[in-house]
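I opened this notebook page to record what I looked up in one model. The entries run from the whole chain to single residues.

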Amino acid sequence: MEFDAVVLAGGGSTRFGGVDKALLVLEGVSLLDRVLTATIGATSTVVVGPVRQTSRAVDWNLEDPPSGGPVAGIAAGVAKGNSPIVVVFSCDLPWITQDDVTRLVEGLGEHDGFGLLDTDGREQRLAAAYRRTALVDALRRIGDPRDQSVRRLFVGLDLAWSEPTRAGDDVDTWSDFDD
C-alpha cells in the first residue's frame, strides 16, 4: 500500500532545556533518523521543521508561521505528497520500526486512522496512519491550525488503536530518554 510520511520535528524541546530533541542520539542514531529509518517505505517523506543533516533524503517544510504547534505541522506536511494514506509521526519515537509502520498502514482497514498505544495505554495521535481525505477534511474543519489541540483535530474521526507497545513510547523528558 502506498503511503506518505509526515515527520514533525519543529518543536521547541522545552522540557529538554531547548536542546534539539530530534538530534538526540540513542545507540548511535539520532531520534529523527530512527523515525526516518522506520518510514523508509514511504512514497514521499516530509519533515516539518528546520533543515538538519539526515541519514536519507527527505523533503522539508515549515509551518507558517513557524512554531505554530503540531496541528500546524501536520497541515504543512500534508500539503506535500498525494498518497491516499499518510503516516504522521513525531520525531521523538525512538523505538518505532519499519514493521510498526507497516502494521499501522495495513491495520487502517475502513477506519479514518489507526494509531499506536504507548506502553501505558495512551493514544498516540502523532504515531498513526490516516486516510489523507479524512486528515484533509479534519484540517479544513479546524480552520487556522496554529496553536490548535491535536485532540481537537481528530474529534469525529473513526480511530482505532494497537495493543500497547513500546513503539508508541515517545521521549518527552530526559528520564524517558534514559528508559
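Entry 1, burial. I took a residue as buried when its relative accessible area is under 20%. The model is predicted. On that cut-off, I found that buried residues make up 50% of the 179 residues in the protein.

I counted six helices and nine strands in the protein. I then looked up the radius of gyration, which is 15 Å; this is close to the 16 Å that the globule rule gives for 179 residues, so the protein is as compact as a globular protein of that length. Along the principal axes, the C-alpha atoms fill a box of roughly 40 × 35 × 30 Å. Of the contacts with a separation of 6 or more, I noted that 68% join residues 24 or more positions apart.

I located Asp33 in helix 1, residues 31-38. Asp33 is buried yet has no salt bridge. Arg56 is the nearest side chain of opposite charge, at 7.2 Å, whereas a salt bridge requires the charged atoms to lie within 4 Å. Leaving aside residues up to four places away in sequence, I saw that Asp33 touches Thr54 and Ser55.

I placed Gln53 in the loop between strand 4 (45-48) and strand 5 (59-61). Gln53 has a relative accessible area of 73%, so I listed Gln53 as exposed. From Gln53 to Trp161 I noted 108 residues in sequence and 33 Å in space, C-alpha to C-alpha.

Key: Residues are numbered from 1 along each chain as its sequence is written. This is a predicted model: local features need pLDDT of at least 70, side-chain atom pairs count only at pLDDT 80 or more; totals for chains, interfaces and linings use all residues. Side-chain values use heavy atoms; hydrogens and water are left out. Helices (H or I, at least four residues) and strands (E, at least two) are DSSP runs, numbered from the N terminus. Buried means under 20% relative accessible area, exposed over 50%, partly exposed in between (1.4 Å probe, protein chains only). Lys and Arg count as positive and Asp and Glu as negative; His and the chain ends are not counted. Contact means heavy atoms within 4.5 Å. The radius of gyration is taken over C-alpha atoms; the globule rule is 2.2 Å times the number of residues to the power 0.38.
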